[in-house]
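Student: I have a model open and some labels to check. Please show it, and then let me ask what stands behind each label.

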Amino acid sequence: PFLTDHYTRLKNRQAAREEFYRDVIHGLTASSKSLSAKYFYDAEGDKLFQRIMQCPEYYLTGCEQEIFEHQVQDIATLICNHTSDFDLVELGPGDTAKSGYLLGELQARGIDYTYFPIDISESIIQTLEKTLPLKFPGMRVEGLPGDYLDMLKEAKLRSDKQKVVLFMGASIGNVPPQEALGFCKALRKQLSPGDLLLVGFDLKKHPQVILDAYNDKAGITRAFNLNLLKRINRELGADFNLEQFVHYPMYDPETGSCKSYLVSQREQRVHIGPHAIHFAQGEPMFMEISQKYSLTEIQQLAERSGFRSFEQFQDSRHWFVDVVWRCV
Ligand code: AVJ
């Protein structure tokens, strides 16, 4: 079994690299060039994102932290009043800095639940399985490394209890609204009437506040974007010259879309395997979307995807909201 495991892991890694290569070539040979934000998070990208969260301009983390710190009692009461015996599932738990308040509060109330953190990063899952039982003695943690929807299915196979699903950090903003709707519908299909879903959304606000959050003075967000080119160089043998691309974030207050681009400083060619990718001077590569929502749009999203919105928790500045939806 050890050898099989070893080879399976190698094969998975090879498959992941091939998928990365295919996605990159697909994105860079299209008429509008783009790269997929899901590849930001290698070891270096994880570290840079940690540093983004500590930037004074990046308000999102602090807002959601405030919500969980100050309103965790209300959140726990809401969950307890509307479920009986449940499992807690978290999509993209990170270091559980925020959801940890809820884990602790539920435990303090003597509620017996299993925590299923789901993440694409195996190292995040391994770390949580090691550290959470130390921080919360007696807590049952079953980490599920993999795709959100696949692993939610797996959690249901392991236990037929009601599910309370957390999807925090405004991760839902990382895809365009149409895709967010598709994702919510797919989530709903995996859940049963009465199950709860808690989702974090970044709200529309003064455009400058939003733009500054993706253009920090220390240049961490710029480094975060450029790191993907570094990763492509290292893992796919490409020859991106990082000095020839500039970070350009923009926010459109009408659509609520905050988008990041890397713009080619001059005409140049970049080689990846057998491909020579041509960049015109000024040509953009679309890197990432961070969609901002109004409360009305969030309400519509709930209704259109088969949920009933139930309760919401905002920070004191009303910049961020964690909504609780119930499956109808
Ligand atoms: C992790 C997707 C919520 O969009 O705000 C932060 C990622 N990108 N700064 C966000 C990110 C640049 C972040 N999310």
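Tutor: What follows takes the labels one by one and sets each value against its definition.

Student: What should I know about the model and its numbering?

Tutor: This is a predicted model, where local features need pLDDT of at least 70, side-chain atom pairs count only at pLDDT 80 or more, and totals for chains, interfaces and linings use all residues. Residues are numbered from 1 along each chain as its sequence is written.

Student: Why is α2 called roughly antiparallel to α9?

Tutor: Helix α2 (residues 43–53) and helix α9 (residues 220–236) pack at about 160 degrees, with axes 9 Å apart. Axes are lines fitted to C-alpha atoms, for helices over the stretch in contact, and angles run from 0 to 180 degrees between N-to-C directions. Angles under 35 degrees count as roughly parallel, over 145 as roughly antiparallel, 65 to 115 as roughly perpendicular and the rest as oblique. Therefore α2 is roughly antiparallel to α9. The crossing of α2 past α9 is left-handed (the near helix is turned anticlockwise from the far one by less than a right angle; clockwise would be right-handed).

Student: Which residues make that contact?

Tutor: From α2 come E44, G45, L48, F49, R51 and I52, and from α9 come I220, T221, A223, F224 and N227. Contact requires C-beta atoms, placed from the backbone, within 7 Å. The residues divide into six nonpolar, three polar and two charged. Ala, Val, Leu, Ile, Met, Phe, Trp, Tyr, Cys and Pro count as nonpolar, Asp, Glu, Lys and Arg as charged, and the others, Gly among them, as polar.

Student: What makes α3 oblique to α4?

Tutor: Helix α3 (residues 60–82) and α4 pack at about 45 degrees, with axes 9 Å apart. That angle makes α3 oblique to α4. Here α3 passes α4 in a right-handed crossing. F68, E69, V72, Q73, I75 and A76 in α3 meet Y101, L102, E105 and L106 in α4. The contact of α3 with α4 divides into seven nonpolar, one polar and two charged residues.

Student: How do you know that the buried residues of α6 line one face?

Tutor: In helix α6 (residues 148–158), Y148, M151, L152 and A155 are buried. Buried means 20 or more other C-beta atoms within 10 Å of a residue's own, exposed 12 or fewer, and partly exposed in between. Seen down the axis of α6, its buried residues fall within an arc of 110 degrees, so they line one face. The arc is that of the directions from the helix axis to the C-beta atoms. Exposed D150 and L157 sit on the face of α6 turned away from its buried side. The cover over the buried residues of α6 includes β1 (86–91), β2 (114–119), β4 (144–145) and α7 (177–190).

Student: Why is T96 called buried?

Tutor: T96 has 23 other C-beta atoms within 10 Å, so T96 is buried. T96 lies in the loop between β1 and α4 (99–108). T96 is not a glycine, yet its phi is positive, about 60 degrees.

Student: What makes H278 partly exposed?

Tutor: H278 has 13 other C-beta atoms within 10 Å, so H278 is partly exposed. H278 belongs to strand β10 (residues 275–279).

Student: Why does A280 count as exposed?

Tutor: A280 has 10 C-beta neighbours inside 10 Å, so A280 counts as exposed. A280 is in the loop between β10 and β11 (284–291). Leaving aside neighbours within four places in sequence, A280 is in contact with S264 and E267.

Note on methods: Helices (H or I, at least four residues) and strands (E, at least two) are DSSP runs, numbered from the N terminus. Two residues are in contact if their C-beta atoms, placed from the backbone, lie within 7 Å.
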